[in-house]
Every structure is written in structure tokens, then in C-alpha cells.
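I opened a new notebook page for this model. My entries follow the order in which I looked things up.

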Amino acid sequence: DSGECVYTVKDCNDSDACTTDFCFEGICKNDPIDCSDNDACTIDSCDPSEGCQYNTVSCDDFNECTIDTCNSELGCQYDTVTCDDNSACTKDYCDPTSGCRYEDIVCDDLNMCTTDTCDPSSGCQYDAITCDDDQLCTTDTCEPLFGCKYTTVECSDEDLCTDDTCDPDSGECVYTVKDCNDSDACTTDFCFEGICKNDPIVCFDNDACTIDSCDPSEGCQYNTVSCDDFNECTIDTCNSELGCQYDAVTCNDESLCTKDFCDPTLGCQYDDIICDDLNMCTNDTCNPMTGCEYPVIDCNDNVTCTIDTCDIFTGCSNINNCTTTSSSSSSSSARSSVIRTSTSSTTQTTQTSFVSSDSTADIVTTFF
């Protein structure tokens, strides 16, 4: 517009906060900047957007037995922790995970004749114990391996059948005759050469109907034998010489109409017998004195116009036999009938004949 020369400085900015931008002899330079703060306790870096960054160093060595600090010239420092609780009764040490530990020390001189304790100022203490059971019948001593020992005073009169003891009130020996009583009424008790004898007594009454035994509290017992065989078909008794006897029960109701038997659980049973000759033409009954009877039934219905019969499978049958016959003439008809009946012990058969006559023909009909 003006014809004047314009001199515009070259733009060498690379938009990076971590460089120094300039132009040298026509060429853009972008030299990295120095972010060092000369502090050993920071981590120096550069962020392209924000420039130099100085982050504090972490000196944690994850060891509870060090005190972690940082020196600006030397960097991280790790000083050892001192664990001391000022007690002579603990073992002081440091565990890297949990820190200072104070474990009680064990005061044990392996001598059962001392009381082992610990004084925080002076440490373990071993005081002698006193062995005294306040018994006049013992000698009191102490052995390092076992501790107090109380030895009973020995009393002996050289009599095997006496119990030799010491009186705790006086410390004097006492010699008591040995008590061989075993509190058992079933033994005879005595002492022989220092050994108690308890010989069993014999309980026997020579009776097969008793159970002979002995009760430790009451002595011989003679309990009656139970001869019950739990069988209702026997009479249970006992013979003093032979023992239990079991006689069979007789089941008889003196009736021919029952079957008599015995059930071990229920006793005598009398089941009715079944009188059935499978014949529908008899009346089946039973007489207690004679047993089954089969009288023939009467099929007669007292009707003139029926044929009365009996079938052994179906029983009585009464068939109507009255008929009417007519002819072309008006003459009267005459009819006659003849009935013959034969009977056996089980079947009744009736034969009936009817004769009809008129002026033209004779008709005869027969039924069986």
C-alpha cells in the first residue's frame, strides 16, 4: 500500500513450554530448557503445557525399622529405629513389618525348687520355695528335678493282717486290723496271711421251681421260676423235681358243627364248619349232635296250573302249564289231567300230562 519495506520477526514458537524458542541466522531453534532445582528431594521434569515440574521424592522404604527422611543434598536417608522399653523383662527387637516388638523373656532356671519371676529393673529372680504340707506324717524335702516331695512316714508292725497308718493329728503310727468286709452278702470275708479272702457262698434249695441267686445286699434269693411259654395251647405248671411242665390244652366244644383247634396266641378256637353239598334242591343245615344234614326242599307251590320241578344248579322251578284249545264248532271241550311225581333224595321230578278232546281232534301234550 505504501511501498515501504516491512521487516517481520520470524515466529519460532513451537508451543512447547519445555523449549527456548529463537532464530539464529535465519533458522528457528527450540532448545530444551533446564528444569533442575538442585534439590535431591524432588523429581525434576517438564510438562509441555505447563513447563518445569518439581515433585517431592517418596522416601518410604516400607520398613518399620527405619526412620525415613530426605536431605536436599543427599536425598533419602534411612536411620535405624531404636527399640527399647527400658524393661529387663523383655526382649526388644524390630520387625520390618510391624515395627518394635517387646517379647517377655522366659525366666526358668530348670529348678523346681525355686519360684521364677522377673523384675523390670534387675531381670530374672529365682527365689527358693518352701516345702511344707503341714502334715505330721510326712517328711518334706525338695528335689530340683521334681520339686517338693512329701514322703509318708513308714509305719509297720510286721502283721500282714493289720493296716499300718500314721495319725495325722499326732504323727503316731496306728495299727488297725485289716477290714476284709467287701459289703457283699454273697461272700464269706476273712484275712489270711495279709490277703483278704471273700469266698462266695452257695445258694441252693434243691427246688427246680426256683431260680437260686444271691443279692449282694440281701444274700441268697430263691425266686419262683416263670413257666409261662406264652403259648395259650398249653397248661403251664412246675414240678419241684422236674421243673416246668407244659401239658397240651384239649379244645372240644362237643359240637359236630365246629372245627376245634388251638391257636398259640388266642387259645381254643371253634370255627363253624360249612355244610354245602352244592345242590340247590337241598336245605343245608348242621346238627351239633349229628353234623351236616341235607333234607330235600319242597318245590310244590300248590298251584294246579304249574309244573313244579327242581334243578340242582338253579333250584325250584314252577312253570305255568294251563292252555286253551278252540275249534270251528261250539261244542264243549272236556279236559283231564294226570300228574305223576317221583322224588329221589336230592332231586324232585314232576311229569304232568294233559289230554284235551273236542269233536275234531285229540291233542296230548307231555312236560318233563
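**Ground rules.** This is a predicted model, where local features need pLDDT of at least 70, side-chain atom pairs count only at pLDDT 80 or more, and totals for chains, interfaces and linings use all residues. Residues are numbered from 1 along each chain as its sequence is written, and side-chain values use heavy atoms, with hydrogens and water left out.

**Whole chain.** I looked up secondary structure, taken as DSSP runs numbered from the N terminus (helices: H or I, at least four residues; strands: E, at least two). The protein chain has zero helices and 29 strands. Of its 368 residues, 17% are buried. I then checked contacts, meaning heavy atoms within 4.5 Å. Among those between residues at least 6 apart in sequence, 26% join residues at least 24 apart. The chain exposes about 26200 Å², and carbon and sulfur atoms supply 49% of that area. The areas come from the Shrake-Rupley method with a 1.4 Å probe; for residues, only the protein chains shown count as cover.

**Thr19.** I found Thr19 in strand 1 (residues 19-24). It counts as buried because its relative accessibility is 15%. I looked for polar contacts next (N or O atoms within 3.5 Å; within protein, one must be able to donate a hydrogen and the other to accept it, and residues adjacent in sequence count only if both atoms are side-chain atoms). The Thr19 side chain makes one with the side chain of Asp14 at 3.0 Å. Another, of 2.9 Å, joins the side chains of Thr19 and Asp21. Leaving out residues up to four places away in sequence, Thr19 touches Asp14, Asn30, Asp31, Pro32 and Ile33.

**Salt bridges.** My criterion was a side-chain nitrogen of Lys or Arg within 4 Å of a carboxyl oxygen of Asp or Glu. The count is two. Lys149 pairs with Glu143 at 3.5 Å, N to O. Lys149 is partly exposed at 39%, and Glu143 is partly exposed at 27%. Lys178 pairs with Asp163 at 3.2 Å, N to O. That pair links distant parts of the chain, 15 residues apart: Lys178 sits in the loop between strand 14 (173-177) and strand 15 (187-192), Asp163 in strand 13 (residues 162-166). Lys178 is partly exposed at 23%.

**Disulfides.** I took any pair of cysteine sulfur atoms within 2.5 Å. That gives 26 disulfides. I went through three of them.

- Cys209 and Cys238 have sulfur atoms 2.0 Å apart. The S-S torsion is about -110 degrees, so this disulfide is left-handed. Cys209 is buried at 12%, whereas Cys238 is partly exposed at 33%.
- Cys257 and Cys286 have sulfur atoms 1.9 Å apart. This link is left-handed, with -105 degrees about the S-S bond.
- Cys299 and Cys316 have sulfur atoms 1.8 Å apart. The torsion is about -80 degrees, so the disulfide is left-handed. Cys299 is buried at 3%, and Cys316 is partly exposed at 37%.

**Cys23.** Cys23 is partly exposed at 39%.

Definitions and conventions. Buried < 20%, exposed > 50% of the residue type's maximum accessible area, 1.4 Å probe, protein only.
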